[in-house]
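Let's take a friendly walk through this model together. Keep the sequence and the 3D view side by side as you read.

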Amino acid sequence: GAEDIEHGNLKLVLGLIYSAFRKLRLGTLAAELGKKGVRSSEAKLMLEWVQKMTEGYPGVEVTDFKTSFQDGLAFCALVNRFNKEYLDFDSLSADDSEGNL
């Protein structure tokens with residue numbers, strides 16, 4: 001649940017991100033990042049993609065899949081990026097990680 005993400009359960013965070021975006025192929029991610037012909041690990045491409053998608057969101061700095069998701073803001077930024085009507089990102093607080101998740 002939310003408390004697992006809050007406590008930095010790396011396996012759960014990676015699984016959640018992978019499940020949410022598994023339909024995206026690595027080639028699509030690489031093309032989006034301008035990395036045609038560059039071989040990168042799936043986790044590295046995914047991290048770079050998440051960084052790009054959350055860029056500009058206040059309080060969100062994604063450096064890894066463990067600590068960067070603990071307060072819930074990175075996950076909410078991803079949701080907000082694709083559906084701004086689903087949640088009001090500006091109303092969230094880094095101090096309310098369980099509420100954010």
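**A serine in a loop**

Serine 68 sits in the loop between H4 and H5. Helices here are DSSP runs of H or I with at least four residues, strands are runs of E with at least two, and both are numbered from the N terminus. This is a predicted model, in which local features need pLDDT of at least 70, side-chain atom pairs count only at pLDDT 80 or more, and totals for chains, interfaces and linings use all residues. Residues are numbered from 1 along each chain as its sequence is written, and side-chain values use heavy atoms, with hydrogens and water left out.

Is serine 68 buried or exposed? Serine 68 counts as buried because its relative accessibility is 11%; buried means under 20% relative accessible area, exposed over 50%, and partly exposed in between, with a 1.4 Å probe and protein chains only. Setting aside neighbours within four places in sequence, serine 68 is in contact (heavy atoms within 4.5 Å) with Glu61, Val62, Thr63 and Ala74. A polar atom of the serine 68 side chain also lies 3.4 Å from the backbone oxygen of glutamate 61.

Glycine 72 is buried, with a relative accessible area of 0%. Which residues does it touch, leaving aside neighbours within four places in sequence? Glycine 72 is in contact with Asn100 and Leu101. Serine 93 is 21 residues away from glycine 72 in sequence, and their C-alpha atoms are 9.0 Å apart in space.

Now for the nonpolar side. The largest nonpolar core has 20 residues, and those with the most contacts inside it are Ile17, Val50, Val60, Phe65, Phe69 and Phe89. Helix H2 (10–21), H4 and H5 each supply at least two residues of this core. A nonpolar core is a set of buried Ala, Val, Leu, Ile, Met, Phe, Trp, Tyr and Cys residues joined through side-chain atoms within 4.5 Å. In soluble globular proteins, nonpolar side chains tend to be buried together. Not counting residues up to four places away in sequence, valine 60 touches Thr54, Leu73, Ala74, Ala77 and Phe89.

Finally, step back to the whole chain. The protein has six helices and zero strands. Of its 101 residues, 33% are buried. Among contacts between residues at least 6 apart in sequence, 44% join residues at least 24 apart.

Terms used:
Polar contact = N/O pair within 3.5 Å; in protein donor to acceptor, adjacent residues only side chain to side chain.
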